[in-house]
Amino acid sequence: MSGDAGVGDGGSVSREQRRREEELTATVLASFDEAPDARTREILQALVRHAHAFVREVRLTEAEWDAAIAFLTAVGHITDERRQEFVLLSDVLGVSMMTVAVNNEARGDATESTVFGPFFTADAPRIEHGGDIAGGAPGEPCWVEGRVTDLEGRPVAGARLEVWEADEDGLYDVQYGDERVAGRAHLFTDDLGEYRFWGLTPTPYPIPDDGPVGALLRSVGRSPLRASHLHFMVTAPGLRTLITHIFVRGDELLASDSVFGVKESLVMDFVQHAAGSTTPDGRSVEGTWSSTRFDIVLAPDDGGGSRR
Ligand code: BEZ
Ligand code: FE
């Protein structure tokens, strides 16, 4: 026998019924005992233990099992190389964020990670310090600056920052279906570990909700909206890759982000500036603008960090 069969019937079934259910779990667990790869065995046996306990706990009906299969089939049908509904499902169930948490262990003051999301592209243009990532995307200009350091507070020169965000209409460039590149760029920290660029003040937007995951959210009264955010991916040799966002203090969606990506430590002050006021780099901006500061601390890369 391969470990405990587990309980999960809430005490609602007879001894004989429980014996049969536990025997089935034990038999399925044992079927993996000879798996040559120990990690595969561990994962599949844990999956079986939890799945069986789940079915027993909720006393899953056959109609509900049919509905679950139909749902997963729909998730598969809408998934292609551009649309990944399985990841979206993982996101709204908090499984993505739990995987991020497990793979990015807390290390001193290291900046917290959050979910990657589907809208990163590897070929964003390079900008210089003070450059603009908007590329024509509509929105209120936002000055973003900060410093990248390691856990000892030493500046990290030459760190690569990838930054990307939705425009004020709640869309990423890749969602327009044309070839535009906007709201994204990469840049490198200077010798002091500092960076600065113009982006857009983040605004809320819904995760893609025209598929089965959107229907699931509607059926349980959950909103598809994400709290306003700006994505960062920071890489530097010898340091753990950081995938994160910054969020806007005061955003009413902070407590109900549809993918559970918000961490208090990632909520930043975005200061509003009047039209015509002087900007940090002297650029003239039509209308209002905002500014924020995001100092980033990278953990050492000890092999336990993000696998990306
Ligand atoms: C995003 O932040 O871009 C995102 C994250 C998870 C699911 C959908 C979108
Ligand atoms: Fe996003």
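Entry 1: I counted a residue as near a molecule if one of its heavy atoms lies within 4 Å of it. I noted that this is a predicted model.

**Entry 2: ligand surroundings.** I asked which residues surround ligand 1. I found L88, D91, G117, P118, F119 and Y172, together with Y205, I207, R226, H229, H231 and V259.

**Entry 3: polar atoms at the ligand.** I then looked up distances from oxygen atoms of ligand 1 to side chains. For Y205, I recorded 2.6 Å between an N or O atom of the side chain and an oxygen atom of ligand 1. For H229, I recorded a polar side-chain atom 3.0 Å from an oxygen atom of the ligand. For H231, an N or O atom of the side chain is 3.0 Å from an oxygen atom of ligand 1.

**Entry 4: burial of the ligand.** I asked how much of the area of ligand 1 the protein buries. Ligand 1 taken alone exposes 260 Å², and the protein buries 100% of that.

**Entry 5: α3 against α4.** I turned to helix packing, which is described by the angle between the two axes and the distance between them. I found that α3 and helix α4 (residues 85-92) pack with axes 8 Å apart and at an angle of about 130°. The two helices are therefore oblique to each other. From α3, the contact involves F71, L72, V75, G76 and I78; from α4, it involves E85, F86 and L89. By class, I noted six nonpolar residues, one polar and one charged in this contact.

**Entry 6: α3 against α6.** I next examined helix α3 (residues 62-78) with helix α6 (residues 212-219), whose axes come within 9 Å and cross at roughly 140°. I listed F71, A74, V75 and I78 on the α3 side, and P212, V213 and L216 on the α6 side. By class, this contact has seven nonpolar residues, no polar and no charged ones.

Terms used: Residues numbered from 1 in each chain as written. Chains lettered and ligands numbered in written order. Predicted model: local features only at pLDDT ≥ 70, side-chain atom pairs only at ≥ 80, totals over all residues. Heavy atoms only, no water. Axes fitted to C-alpha atoms, helices over the stretch in contact; angles between N-to-C directions. Helix = DSSP H or I, 4+ residues; strand = E, 2+ residues; numbered from the N terminus. Contact = heavy atoms within 4.5 Å. Nonpolar A, V, L, I, M, F, W, Y, C, P; charged D, E, K, R; others polar. Polar contact = N/O pair within 3.5 Å; in protein donor to acceptor, adjacent residues only side chain to side chain. Areas by Shrake-Rupley, 256 points an atom, 1.4 Å probe, with all protein chains shown as cover. Parallel < 35°, antiparallel > 145°, perpendicular 65-115°, else oblique.
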